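Reader: I would like to learn how to read helix packing and a sheet. Where do we begin?

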Amino acid sequence: MNKLLRGVLKFNSAIRKNYLAEIDKVSQEIVKPMTVFITCMDCRLDPLRFLQTQAGEVFVVRNPGNMVPLFDPSKPDNASAEGGGLELGCIMNGIGDVVVCGHSNCKAVNSLYSQRHVCHEAQDQEHTVDSPLKTWLSAHGLRTVQKFTKLFSEEEQLLSVEGKKILGGFKLNFGKEEFLCAVDPQNDFSIEDKLSQFHCLQQTSNVASYPILQPYIASGDVRVHAMWFDIFRAQMFMFSRTRGHFVAIEESSVDELREEAKS
Ligand SMILES: [Zn+2]
């Protein structure tokens with residue numbers, strides 16, 4: 001705690017004045033919230049730093065594995081922090097862009113990968129008592145691993161290690177038109193990171209399962225995007241619906257990505 005307390009003292013003396021100026025801009029509506037950003041709680045991810053945003057601009061929702069629980073009308077208790085965050089941001093504060101952001105070397109996704117053959121058993125009381133994390137990952141990552149293992153057999157996963165297989169040819173929908181996807185077409189990443197990208201797209205598609213958001217998405221007032229951060233290269237990617245895969249955000253690609261993000 002000592003480092004945290006010293007950090008507060010440093011904030012008090014060096015940063016508080018600028019912070020209050022930023023909050024004042026929010027109060028005067030000079031700065032308005034613009035994005036709901038759902039990402040993993042991994043301590044190596046610092047979204048406000050790599051997005052270069054200031055106070056008042058981004059609503060951040062974090063959990064293990066950047067999950068967006070699928071809305072299930074059959075369950076009486078359907079509350080989730082992520083659904084509540086989407087409503088608070090998009091409906092109550094008029095935010096127009098939702099981003100779901102995954103990342104490389106994600107411990108939660110790695111754990112999901114290692115338990116991919118037993119996910120369906122994780123609703124057992126034993127798992128619930130022993131590991132809330134496994135229960136969480138199984139509850140909201142089951143669809144990811146079911147689709148992933150169907151698309152990408154164990155044999156093909158082994159081949160991918162030698163650079164011979166691309167995970168592609170699957171369709172997704174972020175709430176409007178359906179598009180064809182591929183994961184890691186350059187075959188730059190490990191099988192766990194491929195799953196992480198696939199998982200990020202799957203969770204992004206879950207945003208549109210919330211009935212309260214559907215009319216906003218249909219009208220274009222809310223737009224849904226997927227990003228993915230490569231921790232070891234400090235490189236942010238954005239999913240391109242027209243290209244069908246994640247594209248590194250660079251000067252050469254940003255105009256195309258910005259244009260696509262408008263719809
Ligand atoms: Zn993570």
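Author: We take the helix pairs in turn and then the sheet. The model is predicted.

Reader: What describes two packed helices?

Author: The angle between their axes and the distance between those axes. Here, the axes of helix H4 (residues 107-114) and helix H6 (residues 132-151) come within 10 Å and cross at roughly 75°. Angles of 65 to 115 degrees count as roughly perpendicular, so H4 is roughly perpendicular to H6.

Reader: Which residues make the contact of H4 with H6?

Author: H4 contributes Ala108, Ser111 and Leu112, while H6 contributes Leu133, Leu137, Gly141, Thr144 and Val145. By class, five residues are nonpolar, three are polar and none is charged.

Reader: At what angle do H6 and helix H8 pack?

Author: At about 125°, with the axes of H6 and H8 (residues 191-206) 10 Å apart. The two helices are therefore oblique to each other, and H6 passes H8 in a right-handed crossing. On H6, Gly141, Arg143, Thr144, Lys147 and Phe148 meet Leu195, Phe198, His199 and Gln202 of H8. This contact has three nonpolar, four polar and two charged residues.

Reader: Now the sheet. What is the order of the strands?

Author: The order is S2-S1-S3-S6-S7-S8, in an open sheet of six strands with mixed pairing. Strand S2 (58-63) and strand S8 (245-248) are the edge strands, each pairing on one side only. From one strand to the next, the twist averages 30°.

Reader: How many bridges join strand S6 to strand S7?

Author: Four, between S6 (residues 223-230) and S7 (residues 235-240), which run antiparallel. Tryptophan 228 stands opposite phenylalanine 237 in S7.

Conventions. Residues are numbered from 1 along each chain as its sequence is written. This is a predicted model: local features need pLDDT of at least 70, side-chain atom pairs count only at pLDDT 80 or more; totals for chains, interfaces and linings use all residues. Axes are lines fitted to C-alpha atoms, for helices over the stretch in contact, and angles run from 0 to 180 degrees between N-to-C directions. Angles under 35 degrees count as roughly parallel, over 145 as roughly antiparallel, 65 to 115 as roughly perpendicular and the rest as oblique. Two residues are in contact if their C-beta atoms, placed from the backbone, lie within 7 Å. Ala, Val, Leu, Ile, Met, Phe, Trp, Tyr, Cys and Pro count as nonpolar, Asp, Glu, Lys and Arg as charged, and the others, Gly among them, as polar. A crossing is left-handed if the near helix is turned anticlockwise from the far one by less than a right angle, and right-handed if clockwise. Two strands pair if DSSP finds at least two bridges between them.
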